[in-house]
Amino acid sequence: MSGVHRRTGRIIDTLACAYQGVEVTLSTRIGSRVMLREFGGGAVELLGRAMTPRLFAAWQQLIGTAIDLWVPNFKVRRISVEGSVEEIRAGRAGLRIEADFRPFAHLSERDPRYSTEVERVVSFGIGFGTGHARVAA
């Protein structure tokens, strides 16, 4: 299976398409899409706040829920915080996401012939800059 890159129009594989889905989901503010108000990640709204353990817990929950809800090819296993103590104090921390990659999960709702079996476990980072999420695979 394959998808289309949203900016270039080129054909991309299913994993790259799923990464693109994560970027779009986490970059979209909840309520900003007219015909799909509930779409989005809710993580962008938390940017710029003081980093506290409660904020990280909320961030992890929002991101995990958004990926599980809107990117069917991924099933999140774990979200962990990356960065040294000095980087976190300076406000520069990253998130590492470990997820099950299921290449045909987006088709399984429409057609039961497709399985939701896990092909492999992937790990990728998320970075936020100027209000947009970027996946670092």
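Visitor: Which residue in strand 6 is the bridge partner of Gly125?

Guide: The model is a predicted one. Strand 5 covers residues 120–129 and runs antiparallel to strand 6, with five bridges joining them. The bridge partner of Gly125 in strand 6 is Ala136.

Visitor: Which residues of strand 6 form its covered face?

Guide: In a regular strand, side chains alternate between the two faces of the sheet. Strand 6 comprises residues 132–136, and His132, Arg134 and Ala136 belong to its uncovered face. The covered face consists of Ala133 and Val135.

Visitor: Is Gly127 buried, exposed or partly exposed, and why?

Guide: Gly127 lies in strand 5. Leaving out residues up to four places away in sequence, Gly127 touches His132, Ala133 and Arg134. A residue is buried under 20% relative accessible area and exposed over 50%. Because its relative accessibility is 30%, Gly127 counts as partly exposed.

Visitor: What separation is found between the C-alpha atoms of Gly127 and Arg96?

Guide: Gly127 and Arg96 are 31 residues apart along the chain. Their C-alpha atoms are separated by 9.4 Å.

Visitor: Which side chain of opposite charge is nearest to Arg102, and how many Å away is it?

Guide: Arg102 is placed in the loop between strand 4 (94–101) and helix 4 (105–108). Arg102 is buried and has no salt bridge. A salt bridge would require a side-chain nitrogen within 4 Å of a carboxyl oxygen. The nearest side chain of opposite charge is that of Asp68, at 6.5 Å.

Visitor: What is the radius of gyration of the protein chain, and what does the globule rule give?

Guide: The protein chain has four helices and six strands, in the order β-β-α-α-β-α-β-α-β-β. For 137 residues the globule rule gives 14 Å, and the chain's value is close to this, so the chain is as compact as a globular protein of that length. The radius of gyration is 15 Å.

Visitor: What percentage of the residues in the protein chain is buried?

Guide: The criterion for a buried residue is under 20% relative accessible area. Of the 137 residues in the protein chain, the buried ones make up 36%.

Terms used. Residues numbered from 1 in each chain as written. Predicted model: local features only at pLDDT ≥ 70, side-chain atom pairs only at ≥ 80, totals over all residues. Heavy atoms only, no water. Helix = DSSP H or I, 4+ residues; strand = E, 2+ residues; numbered from the N terminus. Buried < 20%, exposed > 50% of the residue type's maximum accessible area, 1.4 Å probe, protein only. Lys, Arg positive; Asp, Glu negative; His and termini not counted. Pairing = 2+ DSSP bridges. Contact = heavy atoms within 4.5 Å. Rg over C-alpha atoms; globule rule 2.2 N^0.38 Å.
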